[in-house]
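Work through the exercises below with the structure open. Each task is followed by a solution in steps.

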Amino acid sequence: MDQTPFAELAAVDRLIHEPSRLAILSALLACAEADFQYLLSVTGLTKGNLSSHLSKLEAGGLVAVEKGYQGKIPWTRARLTEDGRARVEAHWRDLERLRGKARRWR
Amino acid sequence: MAGITIDDIERSERVRAVTDNFFFWQGRRFIGLGPVLIVAGLITNAPLDERLAKGLLVAVAVLALIVSARVGRLYRAEFGSVRPIPGAHSTRSRVKWLLVYPAMGASLALDMLYPAQLQLFLSGFVWAVGLVLYRKSTGGGRVHYLTLAACLAALGLVPLATAVTSREMVTVMMLVLGTGYTAAVLLDDDEMRAVMKGA
């Protein structure tokens, strides 16, 4: 017997499948690179929370973070790694498929 | 479901759409284009000296570019910046430059050159389609563009019901479009802020 869409969701990539991280990764999927300020704006997270999520995503190999200074002003930029982009794209394909299934299941 | 709801997924979809088209969603960047369209419409049929008319249009266009650059800096300071994926929108660019803009230009030329022969105002329909395509190709949302497109399409029928010629309708369309576009870009800004704030 087929699994329900909700049972299938248990198998998704947990590193990606968290609301704030999904928002961060979705933003990064749509661009080559985003700065810290943009990710703060688009997720509504605090600086500390965003840093924490970026660290987890970096440790998981999904995101590459680059830091530097322009004069005395520090900057942080993030981008998806090649593997990260493939995983997030695949995750979005799964989400879209499962959402379609959930609609039919109702 | 690991804490993710359908709302989270839909919000992330909007985040993707806005990030992918961030430049176009920064509505106030384009606030100067409304007055440019209005001036272009007014001078089309106005009994103005040609050099004065062109000078006025150039001055308003230059002012619009300056405003756009300054507003762009304010957006960058407030929301940060993204670097687009090179070549991500090559199809959109091709369709825009090879099909949509030429069609808009051609319809305008026909309306201006053959007012006696045309029973419809072609630009109303063609520019309405252009606006719908603009909305669709830059991330959807922003329903106000559909309202503005409907207004333009309705203008296309005016010569059928009145004595107004298609040439005169160019001025009317530019005034409607300039005013409507000014409102639309302010609404773009509102909608972008709503996505950013997680609404």
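**Exercise 1.** Find the bridge partner of Tyr69(A) in strand 3 of chain A, then describe the pairing around it.

Solution. The partner of Tyr69(A) is Pro74(A). Strands here are DSSP runs (E, at least two residues; helices are H or I, at least four), numbered from the N terminus, and two strands pair if DSSP finds at least two bridges between them. Strand 2 (residues 63-70) and strand 3 of chain A run antiparallel, joined by 8 bridges. They form a hairpin with 2 residues between them, and Gly71(A) in the turn has a positive phi of about 70°. Asp35(A) stands opposite Arg77(A).

The model is predicted: local features need pLDDT of at least 70, side-chain atom pairs count only at pLDDT 80 or more, and totals for chains, interfaces and linings use all residues. Residues are numbered from 1 along each chain as its sequence is written, chains are lettered from A and ligands numbered from 1 in the order written, and side-chain values use heavy atoms, without hydrogens and water.

**Exercise 2.** Check the length of helix 4 (residues 50-79) of chain B, then find what covers its buried residues.

Solution. The expected span is 1.5 Å times one less than the number of residues. Buried residues (under 20% relative accessible area, 1.4 Å probe, protein chains only; exposed is over 50%, partly exposed in between) include Val60(B), Tyr75(B) and Phe79(B). Among the elements covering the buried residues are helix 3 (36-43) of chain A and helix 9 (166-196) of chain B. Just after the helix, Gly80(B) takes a positive phi of about 85°.

Terms used: Contact means heavy atoms within 4.5 Å.
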